[in-house]
Amino acid sequence: MTDIDLSCYKERQMKRRIDSYAQNKGFNDYNSFADFLRRDPDQLASFVDYITINVSEFFRNPEQWEYLENEVIPKLSQKSKVRIWSAACSTGDEPYSLAMLFLKYLPRVRFSITATDIDDLSIAAAREGIYSAKSIKAVPEEFRGYFTQVANEKYAIAPEIKKCVNFRKHNLLKDEFPMNMDLIVCRNVLIYFTEEKKEELFKQFYDSLGRGGILFLGNTEQMMDYRSIGYTRMASFFYEKS
Ligand SMILES: C[S@@+](CC[C@H](N)C(=O)[O-])C[C@H]1O[C@@H](n2cnc3c(N)ncnc32)[C@H](O)[C@@H]1O
């Protein structure tokens, strides 16, 4: 029915979400709920959208973005072209934040941003690029001009920033990873996966990075045995493939 392998997600948390969604729709048993989803692709898309948890915002955890700007971007800028992958990008807040920062230091031809997510509805929202006041609240003053108010509490992102990001669907649990990345940003999704899966993904990210490439993780997703994989720790949440 979908490509999502639920056994890779933390079981209790996932079960709670599925149960609450099914009950909300008036189902008390899994079989009839599954039949309902099988019959209606729109309902299935809404269900996937719900269980994948799409909360995001621009410049989420601003201290990490300051580190990115002050330490990571200068280092990566030495390359002739910087290849960036925002994995599990949700509604685009994260890759568009990356675009604003990189555009400050590099012309557009010197970096590329691929942004991926498993959820079709999130990718559609990302491509549309309309955001609430809440999701843009941490945008630094210097980048505020990239937003135009289009309705009450709704802001459209500038075409100039949109053009910097290439969105596509990608399932971290199943699809091939792109190669030779200089920066992989994967934040606030690994917490939903089992420990074993998380370890596997850290290794896959390592293989996906080129030499000197950097992995940027979310605030609850530190890597414990990064050394055994081959990373060096630059700072909390930043790991380099040496
Ligand atoms: C909480 S959001 C994080 C968004 C953004 N990275 C951030 O930190 O603000 C988690 C995202 O992970 C995506 N996701 C969940 N399982 C996934 C998978 N197997 N492959 C790719 N993306 C997945 C969800 O669709 C959702 O958009």
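Helices (H or I, at least four residues) and strands (E, at least two) are DSSP runs, numbered from the N terminus. By that assignment, Leu 173 sits in the loop between S6 and S7. This is a predicted model, in which local features need pLDDT of at least 70 and side-chain atom pairs count only at pLDDT 80 or more, while totals for chains, interfaces and linings use all residues. Residues are numbered from 1 along each chain as its sequence is written, and side-chain values use heavy atoms, with hydrogens and water left out.

**Nonpolar cores**

- A nonpolar core is a set of buried Ala, Val, Leu, Ile, Met, Phe, Trp, Tyr and Cys residues joined through side-chain atoms within 4.5 Å; buried means under 20% relative accessible area, exposed over 50%, and partly exposed in between (1.4 Å probe, protein chains only).
- The largest such core holds 42 residues, and the most contacts inside it belong to Phe 58, Leu 68, Leu 98, Met 100, Phe 102, Phe 147 and Leu 183.
- Helix H5 (residues 93–105) is the main contributor to this core, giving six residues.
- Another core, of 41 residues, lies apart from it and includes Leu 37, Trp 85, Met 181 and Ile 184.
- In soluble globular proteins, nonpolar side chains tend to be buried together.

**Helix H5**

- Ten of the 13 residues of H5 are buried, so the helix is mostly covered.
- The buried residues in H5 are Asp 93, Glu 94, Pro 95, Tyr 96, Ser 97, Leu 98, Ala 99, Met 100, Leu 101 and Phe 102.
- Met 100 is in contact (heavy atoms within 4.5 Å) with Phe 58, Phe 59, Phe 143, Tyr 146, Phe 147, Ile 157 and Ile 161, leaving aside neighbours within four places in sequence.

**Ligand site**

- An N or O atom in the side chain of Arg 60 is 2.8 Å from an oxygen atom of the ligand.
- Polar backbone atoms also take part: one of Arg 187 is 2.9 Å from a ligand nitrogen atom, and one of Ile 118 is 3.4 Å from a ligand nitrogen atom.
- On its own the ligand has 610 Å² of accessible area, and the protein covers 99% of this (Shrake-Rupley method, 1.4 Å probe; for residues, only the protein chains shown count as cover).
- Ser 56 lies in the loop between helix H3 (41–51) and helix H4 (62–76), and counts as buried because its relative accessibility is 18%.
- Not counting residues up to four places away in sequence, Ser 56 touches Ser 90, Thr 91, Asp 93, Glu 94 and Ser 135.

**The S6–S7 loop and strand S7**

- Asn 171 is in the loop between strand S6 (165–169) and strand S7 (181–186), and is buried at 5% relative accessibility.
- The Asn 171 side chain reaches the backbone nitrogen of Leu 173 at 2.8 Å.
- With neighbours within four places in sequence left aside, Asn 171 is in contact with Asp 3, Ile 4 and Ile 118.
- Leu 173 is also buried, with a relative accessible area of 17%.
- Beyond four places in sequence, Leu 173 touches Asp 5, Cys 8, Tyr 9, Phe 193 and Lys 197.
- Val 185 lies in strand S7 and is buried, with a relative accessible area of 0%.
- Val 185 is in contact with Trp 85, Ser 86, Ala 87, Glu 94, Leu 98 and Phe 216, leaving aside neighbours within four places in sequence.

- Glu 153 has a positive phi, near 65 degrees, and is not a glycine; it lies in the loop between strand S4 (147–151) and strand S5 (154–157).
- At 44% relative accessibility, Glu 153 is partly exposed.
- Phe 237, also not a glycine, has a positive phi of about 80 degrees and is in the loop between strand S9 (231–235) and strand S10 (238–241).
- Phe 237 is buried, with a relative accessible area of 9%.

Notes: Polar contact = N/O pair within 3.5 Å; in protein donor to acceptor, adjacent residues only side chain to side chain.
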